[in-house]
Amino acid sequence: MADRIASSLLKLLTYIVFVISTAVILFPVFKGIRYFNPTFFTEFPSQGMTQGGIFPAIVGSLLLMSLVAVFSVPVGVLIGVFLSEYAKPTWLSALLRTTITTMTSIPSIVYGLFGLAFFCITMGFGTSLLSASFTLSIMTVPFVGGSVSNFLMAVSNDLREAAMAIGADKRETVFMVIRAAKTGILSSTLLGLGRAFGETAPILVTGAVFYATNLPRRLTDPIMTLPTHIYAVVTNFPEDAYWMAYGSAALMVIIIVAIYSIVQWIRRRSS
Amino acid sequence: MDTEAKLVNKEIVYEMKNLSAWFGKNQVLKNVSLKIYRNKITAIMGPSGCGKTTLLRCFNRLNDYTESFRVEGDIFFNGQNIYQMDPVQLRRRVGMVFQRPNPFPMSIFDNVAYGPRIHGLAKKRGLSERVEKALKAAALWDEVHGELRKSAYKLSGGQQQRLCIARAVAVEPEVILLDEPTSALDPIATERIEKLLEDLSSRYTIVIVTHSIGQALRISDYLGFMYKGELVEFGETSQVSEDPRHELTQLFLTGRIG
Amino acid sequence: MVVLVSICVIAALIGIFAMLIHESLPALKKIGWEFIASGAWYPTYEDAEFGMLYMILDSLILVGLTSVVVFPMGLGIALYTTEYANRREREIVRSVTELISGIPSVVVGLIGVLLIGPLMLKIGAWTPFNLLNAVVSLTVLTLPYAISLIIESLQSVSRDLREAALALGSSKIRASAMAIRGAKHEMLYALVLIVNRVLGETMVVLMVAGGAVMLPRSLFDPIRPLTAAIASEVGEVELGSLHYSALFLAGAVLLVISAVITVTAETFIRRGKRWLTG
């Protein structure tokens, strides 16, 4: 029957695509994992990036992510709460929502340009950890805010009414809704940070150097990061440095898989 | 029996005078006037869409949150105009139980303790006693006392609804409003809740909206019948059911309409 | 308070626009409309030229080709997942799709350079970094996103529609077609989102598209989409120079395009369902 043909074709397509995609994604992991050893993680790169390790890149990414988390998680969550629970006239809420969605769709290099002009030059922070974290934060806040507000709006109104009916004021009611959506809020945060972790273009322009000989000492120092390291090695360094890119890529993929697995686990646990 | 004297002696908890309400251009309540008497069960019945739920939600001003809602007329709670009161304060004295059980995403204990906690009604020790008392009043204590930390969502539908009643009772309101509380439940659970309401009415004033004539006749002291936004009839249940003044009421009671 | 926060949010977006436009004004004044009319991009020459036309077209061609590949593939897989797959298959598709969608674009770029590049040479391309490589790499990057979007839009169609079709005795294929028809607004929205995503993609194209400012005559020709041009040149450019400003102008172009696409999608497609179906 035609149905069976269609079903088989689609099944074939799906399986083929999945096998190829997974293989392709695992390619850098397999090629890079063999370089995982304590030296790789604790030493600076040397000999023109052909030996040593990616220690400064790891530190750089870690510092960057910590700052981005500090700046964008509270602000993002608050914006999400605001959008869902406080922005009342429907035209206002639609306007804000469109603004936030627009901001999440802006190409990352445009954020890079903005960060360059605003944080590096106008504010005078230069090519630095600070500029890069501010730029990434501006990218992450709309994402987290939009996602959080979606989860909050998905909470049934019955719950809000139950709280109001028992005499809870606005603030207490909002806390109740947040409670009900706490899994979604947490996953929005983790996914937002995961996304920021993988971003390259904005920090290429606002904060990164390709070859660091020491760790950043101040917020205004530039940093090496894992994603910019991969880019740098593949485009600016000779073939015998490629192993480092594989290593960094493997590390990044493993971290991302870990974050997403945690998110999926949290989701499963709550239902 | 002197009905006039009987009426004068009872305490009036709510008085509604010429209340009309609109959702946008659509008028849903037309000039409704009634009185709710203390420690009695008042039932409002009527076919779907007659406005009974809207009426009930006026008592605790829950309709205020719908953008297009507009109201004319007065409602007095213990003599005070509720539209000149802080709605949050009003709802601390008037509780509500909804059609579908809506427990909070917390443990059984925390659900019942929520009201007292936010109203600052009890310190740690007093709280456990309050919760126990409320759960007993809602006839749920025996079933859950060993597992108060369990999530409320793990209870059955009937149990969740009794939990919602316990939650409302825990703050010791004067009035409990119930919006078709048993329509989502099976007959056995329904019967338990009806018996519960009869027990509760000795301490609380109960206003219940229902589309089940049987339920209204079984448990109420006062009965109101609504049709297309108008309060067609209102009075003591015995009188309304045996000798209705209005033809529509009779038709509804005998199942000809609605 | 509501007003204050709202203003801050909108001000942030306006701020981004403002900054970009401000920095691109010098170029706009000096170059005029030539930037869209001409494809000659020679920013570093003595007699510098700043025509972005070819780069814009390169972006559009890339987006077009990638969408043509990704959307049908995504639709096929989404259909299989929602209509035919069993529970376990569905869960695996969901989890794996989500995991792959989180892979950073720079890693996909790495794959494009080190895995797909050599493949290109093997199949006869004269350079490993070309349009085809970009399309393939972008497909790997965007397919998971497309799959989850389309699954979401298919699921938004009420079961009733499908079941009504099946009850009338139609085959599963027809029922699926009915589901697609019912979801056509959501799918259009999904398509627009995918287009926007691909348009804004920087790292992958930077690494594998080749970098030649020209219109491709074959799949094996290298191209330079706008995003890649900006990213590759902004590191070398002299601050405050005309070239610098021209790059901001390019950024402004991208910003405007993506904003227009998003706003159109939000206002007309997402909420337009009411307008169009009455």
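Of the two pairs of chains in contact, which chains share the most contacts? Chains A and C share the most, where two residues are taken to be in contact if their C-beta atoms, placed from the backbone, lie within 7 Å. The model is a predicted one, in which local features need pLDDT of at least 70 and side-chain atom pairs count only at pLDDT 80 or more, whereas totals for chains, interfaces and linings use all residues. Residues are numbered from 1 along each chain as its sequence is written, and chains are lettered from A and ligands numbered from 1 in the order in which they are written.

In the pairing of chains A and C, 56 residues of chain C are in contact with 59 residues of chain A. Helix α1 (residues 2–31) of chain C provides the largest share of the side of chain C that touches chain A, namely ten residues; helices (H or I, at least four residues) and strands (E, at least two) are DSSP runs, numbered from the N terminus. By class, this side of chain C consists of 39 nonpolar, 13 polar and four charged residues, with Ala, Val, Leu, Ile, Met, Phe, Trp, Tyr, Cys and Pro counted as nonpolar, Asp, Glu, Lys and Arg as charged, and the others, Gly among them, as polar.

The contact between chains A and B involves 14 residues of chain A and 19 residues of chain B. On the chain A side, the elements that give two or more residues are α7 (157–165) and α8 (170–180), and α7(A) supplies the largest share, six residues. This side of chain A has eight nonpolar, one polar and five charged residues. The buried residues of α7(A) are A:Ala162, A:Ala163, A:Met164 and A:Ala165, a residue being buried if 20 or more other C-beta atoms, placed from the backbone, lie within 10 Å of its own, exposed if 12 or fewer do, and partly exposed in between. Their cover includes α8 of chain A together with α3 (87–93) and β6 (94–97) of chain B. Just after α7(A), A:Gly167 takes a positive phi of about 95°. Chains B and C, by contrast, do not touch, and their nearest C-alpha atoms are 17 Å apart.

Chain B has eleven helices and ten strands. Of its 258 residues, 43% count as buried, and the C-alpha trace spans about 55 × 40 × 40 Å along its principal axes. Among contacts in chain B with a separation of 6 or more, 68% are between residues 24 or more positions apart.

Within chain C, helix α5 (residues 105–122) and helix α6 (residues 131–155) pack at an angle of about 140°, with their axes 9 Å apart; the axes are lines fitted to C-alpha atoms over the stretch in contact, and angles run from 0 to 180 degrees between N-to-C directions. This makes α5(C) oblique to α6(C), since angles under 35 degrees count as roughly parallel, over 145 as roughly antiparallel, 65 to 115 as roughly perpendicular and the rest as oblique. The residues of the contact of α5(C) with α6(C) comprise eight nonpolar, six polar and no charged. C:Leu132, which lies in helix α6 of chain C, counts as buried because it has 22 C-beta neighbours inside 10 Å. When residues up to four places away in sequence are not counted, C:Leu132 touches C:Met120, C:Ala125, C:Leu219 and C:Phe220.
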